[in-house]
2 protein chains.
Amino acid sequence: MLIANLSEPGCDGFDVHGMERSRITRGNDAMSDEIAKTPQPPYYAVIFSSLRTEGDNGYGATADRMEELAAQQPGFLGIESARSGFGITVGYFRSLEDIAAWKRNVEHAEAQRRGRADWYQAYRVRIAKVERDYGFERE
Amino acid sequence: MLIANLSEPGCDGFDVHGMERSRITRGNDAMSDEIAKTPQPPYYAVIFSSLRTEGDNGYGATADRMEELAAQQPGFLGIESARSGFGITVGYFRSLEDIAAWKRNVEHAEAQRRGRADWYQAYRVRIAKVERDYGFERE
């Protein structure tokens with residue numbers, strides 16, 4: 001599934017590093033496994049670090065649904081996830097207001113409640129302003 | 001191995017959320033698998049998102065060594081890592097100057113060179129100011 005990036009040139013004054021940064025690709029039903037094609041900073045990151053409880057208990061399906069739903073939110077710029085026992089998901093958004101609106105989303109709020117009730121031993125959410133970025137891509 | 005947190009109360013004016021946030025625990029030779037006990041924001045995060053090449057090629061030993069070395073840097077506050085094909089490591093530091101010094105560390109610079117030569121298909125580094133955080137811990 002190809003999700004159009006909301007920060008194309010000319011949209012809210014955002015400047016992207018050419019076409020290669022203007023879209024993200026992700027699977028329909030798997031954790032994202034690509035580096036998010038975020039625009040030029042500044043933008044915001046929600047760093048979600050977590051330790052799971054034992055068993056799935058419906059977690060996998062909801063996690064997939066939350067990635068899908070996050071990608072539909074205003075100001076969404078991309079998402080990255082990795083888990084090896086310990087899990088880290090980073091969602092990128094245009095502004096603090098976009099992050100606050102996503103946190104209040106009704107379906108997301110219910111997932112947060114289930115997370116505390118069933119899925120997580122512990123988690124920490126850090127809201128951070130990305131000030132600078134750089135990278136490397138093999139030829 | 002228990003690593004003393006550098007931001008204990010009274011050190012450079014940092015305020016921590018009580019003793020439970022004042023230390024981090026990590027294995028000697030494994031990726032960190034705990035939520036970093038970071039102090040009250042603001043502080044900085046280095047979000048390192050990466051896709052590996054095939055094979056180990058000495059990556060594992062160097063990755064462990066870099067976590068150990070990072071923890072010895074001035075201003076180090078904690079580190080979190082997860083990998084499931086896609087990898088995310090987040091290092092937390094007191095200031096941008098601390099991050100710049102860590103990037104210039106000679107042994108780390110050599111690891112960065114090897115990363116581009118051998119270990120990574122692609123990576124992205126995002127430097128972000130953590131403005132707010134909150135969390136949950138099961139009783």
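A crossing of two helices is called left-handed if the near helix is turned anticlockwise from the far one by less than a right angle, and right-handed if clockwise. Helices (H or I, at least four residues) and strands (E, at least two) are DSSP runs, numbered from the N terminus.

The structure described here is a predicted model, in which local features need pLDDT of at least 70, side-chain atom pairs count only at pLDDT 80 or more, and totals for chains, interfaces and linings use all residues. Residues are numbered from 1 along each chain as its sequence is written, and chains are lettered from A and ligands numbered from 1 in the order in which they are written.

**Two helices of chain A**

In chain A, helix α1 (residues 59-70) passes helix α3 (residues 106-119) in a left-handed crossing. Their axes come within 11 Å and cross at roughly 150°; axes are lines fitted to C-alpha atoms, for helices over the stretch in contact, and angles run from 0 to 180 degrees between N-to-C directions. α1(A) and α3(A) are therefore roughly antiparallel to each other, a term for angles over 145 degrees, whereas those under 35 count as roughly parallel, 65 to 115 as roughly perpendicular and the rest as oblique.

Residues are in contact if their C-beta atoms, placed from the backbone, lie within 7 Å. On α1(A), the contact is made by Tyr59(A), Thr62(A), Met66(A) and Leu69(A), and on α3(A) by Glu107(A), His108(A), Ala111(A), Arg114(A) and Trp119(A).

**The interface of chains A and B**

In this interface, 36 residues of chain A are in contact with 36 residues of chain B. β6(A) gives the largest share of the side of chain A that touches chain B, 18 residues. β6(A) also runs antiparallel to β6(B), to which 15 bridges join it.

**Strand pairs**

Strands pair if DSSP finds at least two bridges between them.

| Strands | Bridges | One bridge pair |
|---|---|---|
| β6(A) and β6(B) | 15 bridges | Gly135(A) and Arg124(B) |
| β3(B) and β5(B) | 8 bridges | Val46(B) and Gly91(B) |
| β4(B) and β5(B) | 8 bridges | Glu80(B) and Val90(B) |

β5(B) is mostly covered, with 7 of its 8 residues buried. A residue is buried if 20 or more other C-beta atoms lie within 10 Å of its own, exposed if 12 or fewer, and partly exposed in between, with C-beta atoms placed from the backbone. The hairpin of β4(B) and β5(B) has 1 residue between the strands, and Gly85(B) takes a positive phi near 80° there.

Conventions:
Two residues are in contact if their C-beta atoms, placed from the backbone, lie within 7 Å.
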